[in-house]
Amino acid sequence: MPLDYPIAEQTLDNGLRVVVSSDRAVPIVAVNLWYDVGSRHEPPGLTGFAHLFEHLMFQGSRNVASGQHFSLLETAGASLNASTFFDRTNYFESLPSGGLDLALWLEADRMGYLLDAVNQENLDNQRDVVKEEKRQSYDNRPYGDSYERLVKLAFPEGHPYAHMTIGSMADLDAASVEDVHAFFRKYYGPNNAVLTIVGDVSEADAFDAAKRYFGHLQAIPTPPPAPDGTIGPITDVLRDDVTSDVPSDLITMMFRLPVDGTPELDAAGLALDILAAGQSGRLNRRLVRDEQIAQSVSGGALPLIGGVSFGTLTGIASDGVDLQKVEDALLEEIEKLAIDGATDDELATVQAQAERDWLEQLATCAGRADEISHYALLFGDPNRINTRIDQIQAVTVDQIQAAAAKWIRASGRVQVTYRRTETSGAQE
């Protein structure tokens, strides 16, 4: 079922790609800016820099005082934030359409003139903020370091996906103002970004506004490409067993998967959905409903473009149940799918779930803007938002079995287990 969201594109003289999708249904406009820099671009010794800039970008620029970026937009009725990922960094805001000029001016000022505000005091302050975020989200949260442990097992040292976006605190401690400035000059320029505008504005007015606020910014030298992360499926089993003060025993498995944008990755993702998505997933039916050995199960694919993706399966043991039973059941279901494949009904179910999720994502201006930026930056084709459902619907049961047999195997996985200490068990 092809969608027909309007997509118009222009590239400014400085290389900024601007994509506009006009939607006059509600007086809202979404501004979404993706930079082609994420943790996979970070060389050894500079890990965590893309994420650091996610914080620094809100601390002022040449014409915006520290703290004013949030306050100006929120006063105009905006919701805004930013995120860092392996493959990209993005900055976004949604607000009443009368605030479009304000949002574009703020984004352009920090794209062009952020470094006017990045001094030693500012760097030290935001470095401390990142450290506190790591303590809260990774170190002091139950299971918070699971992905960090998994990627270290799943990828060899030096692989572009072998470290998390939070980076190394030692690298951040060692970073000088000059290091930070050099990283920004390398990646944060108009010709290394995509600006998407979606909502209550005409195409002509949106392009004119983009030129007015961004057109004078200077292009940066072409950034170096990210290192090639092409690697095949995991071929052995690596484990990391943790005893900790956690609420329940938990196991998480990770598998390397095909690169994003391929039918093989779509098939692998649907295979994981057949196992773990929703109440109808095989793992939920067996482990949670029938045998009641798990409180919950979850999983899915994480698409990446740097030569490989990955997927996970997680089970949380029911109280009093040996975690080994959960692990054994997970592995049995993984092998059944690889050997016997999926049924037509199972495929139709997960395809319908994927369609519903995609339509929900595109239903808001903000969600649509994010996906347009995603496909424009990483694939060069924002119109993929209109054909994504067709790609999912084209996957066959044979493709699912082939993907599962190659990529999602009991004999080719890494896993982290968390078991409660005796003290935490006794307290419960």
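# Close-up views of a predicted model

View 1. Strands β9 (residues 294-302) and β10 (residues 309-317) pair in the antiparallel sense over eight bridges. Pairing requires at least two DSSP bridges between two strands. Strands are DSSP runs of E, at least two residues; helices are runs of H or I, at least four residues; both are numbered from the N terminus. L302 has F310 of β10 as its bridge partner. Six residues lie between the strands of this hairpin, and G307 takes a positive phi near 95°. This is a predicted model: local features need pLDDT of at least 70, side-chain atom pairs count only at pLDDT 80 or more, and totals for chains, interfaces and linings use all residues. Residues are numbered from 1 along each chain as its sequence is written, and side-chain values use heavy atoms, with hydrogens and water left out.

**View 2. The six-stranded open sheet.** The strand order is β1-β2-β6-β3-β5-β4, with mixed pairing. β1 (8-11) and β4 (79-84) are the edge strands, each pairing on one side only. From one strand to the next, the twist averages 15°. Within the sheet, β2 (residues 17-22) and β6 (residues 193-199) run parallel, joined by six bridges. V18 stands opposite L195 in β6.

**View 3. Helix α13 against the sheet and α12.** α13 lies across β2, β3 (28-35), β5 (89-96) and β6, at about 30° to β3. Axes are lines fitted to C-alpha atoms, for helices over the stretch in contact; angles run from 0 to 180 degrees between N-to-C directions. The axes of α12 (residues 344-362) and α13 (residues 365-379) come within 6 Å and cross at roughly 105°. The two helices, α12 and α13, are therefore roughly perpendicular; that class spans 65 to 115 degrees, with under 35 roughly parallel, over 145 roughly antiparallel and the rest oblique. W358, Q361 and L362 of α12 meet G367, R368, D370, E371 and Y375 of α13. Contact means heavy atoms within 4.5 Å.

**View 4. S248 in its loop.** S248 lies between β7 (237-244) and β8 (250-257). Is S248 buried or exposed? S248 is buried, at a relative accessible area of 8%; buried means under 20%, exposed over 50%, partly exposed in between, using a 1.4 Å probe and protein chains only. Leaving out residues up to four places away in sequence, S248 touches Y143, Q295, I316, A317, D319, Y418 and R420.
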